[in-house]
Amino acid sequence: MQKVLERAGYTEITPTASVDTNRHGGRAKCLQRLIRLDMPVPRTLALDFDTVREISLGKLPDIPSILGLFDRPLLSVRPSSEDADWGGPSAILNIGMNNEKHRKLAESHGEDAANALYLRFIRSYAIHVARLDPDEFELTGASDGRALEHALTIYEEETDEYFPQDIGDQLSEVLRSMARAWEGTTARLLREARGAPKDAGLGLVVQEMALGVGKGPSGSGVIQFVNGQSGEREVRGRYMARSQGRDALVDKNEREVIYLAKDERGPSVEDRLPAAYADLMRYGDLCRNRLREEMQIEFTIENEQLHILDAVRVSRSPRANLNIAVALAQDAIISEEEAVMRVPPRSLTEMLHSQVDPNGPRDAIAKGIAASPGAATGKIVFTSRGAQALAAQDEDCILVRRETTPEDIRGMHAAKAVLTERGGITSHAAVIARGLGLPCVVGASSIKLDRKNKVLRTADGRTFAEGEVITIDGSAGEALSGAAEMLEPDLGEAFQTLLSWADNARDIGVRANADTPADAAKARTFAAEGIGLCRTEHMFFEQERLLAMREMIFADTPEDRRAALDRIEPMQRADFIELFEIMSGLPVTIRLFDPPLHEFLPHAREGMVELADALDLAVSDVTRRVEALSEFNPMLGMRGVRLGVTVPEIYDMQARAIFEATIEASKTGAPVVPEIMIPLVSAKREVEIVKSRIDSVAAQVRVERGVKFDYRLGVMVETPRAALRAGEIAQHAAFLSFGTNDLTQMTYGLSRDDAGRFMGQYVSQGVYEEDPFHTLDIDGVGELLQMGAERGRASNPDATLSICGEHGGNPESIAFCRNAGFDYVSCSPFRVPVARLAAAHLAIHDRGAARSRVTR
């Protein structure tokens, strides 16, 4: 009999029926599992993907044959896609209700119950099958005969037909409507956005209705056993009690409220129907232990008899999902590795940062690129000085700029979040904000900043003056008016436990990009295995150091430059000592000075006048020097290793500070072996020149201090030529660290600060599949990485390979690095947990695939 049904395109769901998720959908398979657990599930049959696809083309299955399987007079149809997250058409209940069944139900269960059931079916059928205006069928007021008559009249007027009375006609139209809804363009785009393949199929489940109405205690509800927001174990849900046809709705104080479990609020299912409640609790435990998941159970009670209609995975927040996965593993229901795989890496960002409460009010005033996750509230400030001033008064502020520059570092440290009018995902504001853990929205091109009058204007004409409060939602890429309601971060025991399991599974290292001791402390908090990139130039923007840097820039001789840098060296040394002590012997990669010198000079006349006073120079001298250092394209100008070759005193000072800090930090802690990285290399000879000077400084320090120490010298590969010539460059380098931010910029010929202005259009029109500054371009930039890695390793098999651009925290990029044989990735501190979990996912997946191949 079962094979006959399967040939007809549908399968009755029994314990032994051939029901597959990839053929009938997840709901059908779940119902079979409930039946196998001896739960009282009403008779159900499943239509497979192929049958539903044929229905959408006009070929219906044998409807009389389907109806012949059921004893009860009413049916329901629910969608059953392969993955519940892909969605599907709305379920249709009470199929089979007509005038005759309404009359019989009124006699057996009361007029109110019959009216309510019929009205709900008419509304559902009218909206989802006949596609009529929902407003015409709003269920307001009492479910009396007049309301029912009105609904039937509206249906007739809108369709020029009587409401269908034959159950076969009703079921046929419901199946056809749901099948066609799945094939519609809007539905297809929505599910593809959720990760469904283009050819994803839909199954349908037809089930006898257990009405939950009767002369004895009856009702319907849903129950779950965890809190969907926190993941904590507790009984939650709702129950609608019906007695003699009169509804008692949960949370309607004017009527009797029936709660699920006993408490002080009032009567409960646990009190009134203890046997049914005990069965529900037992079924919840069965689902948890046998289905290995926290499920929400849909049920009805009819004359004290319990029916289980469905069970779905409990809807949950990311933090609840993590807590549930850890609890299941700790109870030995799932393995630790499965718990790791159940938590999407990107979902961790919600637990690392404060978030805007999704259930709170939301007044968006600007939309941009979500550059750094989290949310923060504060007063608007338009300058770094303003941010520092408010921070000194212990007031929270939001730094709003057209775009940030290195001079804004102190202001960004003082602010709680950043909003910029310009910029892309790897712009200065975005990169620094991610490193600091600041919520950040960039490229909010609809806002206009009037710095003179200190006003922000929005696209809808509103104005926000300096000092007014706004909220930045860096996860959604929005600025909100006022102080939004917040959810606090959660880095509790379950979070740490899951990541420790992830570390046991992964096979690639994860370091952090950290520019200051505070960044290093965050990196240790998130269990980074070292620092993969320390940008030393960010240490130069403190006021005292900035003035010394400017004196060095205005010096005319090497001796004068060294004299100015001698003032900075003790400060750099102190920074490095603190950095080494915090990292406690873990590797620290320090990038030598990288930016062009003009970034340390003022550009406005007011700033030039102040600098002239500080240096006791004529304003004209300052102006001439600023103009002399200006470049048509500073990102490709006198910066990085080019400064190390032409102004070697800077690198000499930094190398001495690193080596002396190494000696001091090693006295009281674990031995330190610093890794010194030369930026923006494009030729072997550049490395040779800088290496010889650094080796010379190391020899001098060893002699002066009478102490031996080791260090590693490497190269930051961020130009295409360096990737192509990696073989010869690696001969002089202990490591090659690929800086994918600049490498992407130079490969594409795109400014990472300006690309955000048009990148959305490029992606939407298919020019680029994704923003290459957000997701690593495997085909172009990836080929350079692959070539550089292969040529570097061929020349120097012991060379360490890594990437230290912002792509290092991207799960897809980590997959590429693992396949290319990289030793570690490095990313902003707040992206380290995401990278650790993503690396574990990849390793576990690969091991599973390997085991599967062996089994076959």
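**Close-up views of a predicted model**

**View 1. Q170 and its contacts.** Q170 touches I95, G96, M97, F121, Y125, F163, P164 and Q165, leaving out residues up to four places away in sequence. The model shown here, and in every view below, is predicted. Q170 sits in helix α9, which covers residues 167–183. Is Q170 buried or exposed? Its relative accessible area is 0%, so Q170 counts as buried.

**View 2. The whole chain, for orientation.** The protein chain has 856 residues, and 55% of them count as buried. It holds 34 helices and 31 strands. The C-alpha trace spans about 105 × 65 × 55 Å along its principal axes. Take the contacts between residues at least 6 apart in sequence: 67% of these join residues at least 24 apart. The chain exposes about 36400 Å², and carbon and sulfur atoms supply 47% of that area. There are 101 positive and 129 negative charges. How far apart are the mean positions of the positive and negative charges? They are 3 Å apart.

**View 3. F659 in the largest nonpolar core.** This core has 123 residues. Which members touch the most other members? They are F659 and L736. Helix α26, residues 649–668, gives the core its largest share, 10 residues. Beyond residues up to four places away in sequence, F659 touches I676, I694, V697, A698, V701, F709 and Y711.

**View 4. Strands β27 and β28, side by side.** Strand β27 covers residues 675–678. Strand β28 covers residues 712–717. In which sense do β27 and β28 pair? The pairing is parallel, over four bridges. One place to look is E675, whose bridge partner in β28 is R712. Why is β28 largely enclosed by the rest of the structure? Five of its six residues are buried, so the strand is largely enclosed.

View 5. The loop between α26 and β27 contains V672. V672 has a relative accessibility of 11%, so it counts as buried; the cut-off for buried is under 20%. Which residues does V672 contact, beyond its neighbours within four places in sequence? They are F580, T662, A665, S666 and D710. V672 and G585 are 87 residues apart in sequence. In space, their C-alpha atoms are 5.4 Å apart.

**View 6. R401 in strand β15.** Strand β15 covers residues 397–401, and R401 lies in it. Is R401 buried or exposed? R401 has a relative accessible area of 13%, so it counts as buried. Its contacts, not counting residues up to four places away in sequence, are F382, T383, D408, L419, T420, E421, L449 and R451. G435 gives a further point of reference. R401 and G435 are 34 residues apart along the chain. Their C-alpha atoms are separated by 18 Å.

Terms used:
Residues are numbered from 1 along each chain as its sequence is written. This is a predicted model: local features need pLDDT of at least 70, side-chain atom pairs count only at pLDDT 80 or more; totals for chains, interfaces and linings use all residues. Side-chain values use heavy atoms; hydrogens and water are left out. A nonpolar core is a set of buried Ala, Val, Leu, Ile, Met, Phe, Trp, Tyr and Cys residues joined through side-chain atoms within 4.5 Å. Buried means under 20% relative accessible area, exposed over 50%, partly exposed in between (1.4 Å probe, protein chains only). Helices (H or I, at least four residues) and strands (E, at least two) are DSSP runs, numbered from the N terminus. Contact means heavy atoms within 4.5 Å. Accessible areas come from the Shrake-Rupley method with a 1.4 Å probe; for residues, only the protein chains shown count as cover. Lys and Arg count as positive and Asp and Glu as negative; His and the chain ends are not counted. The place of a charge is taken as NZ of Lys, CZ of Arg, CG of Asp or CD of Glu. Two strands pair if DSSP finds at least two bridges between them.
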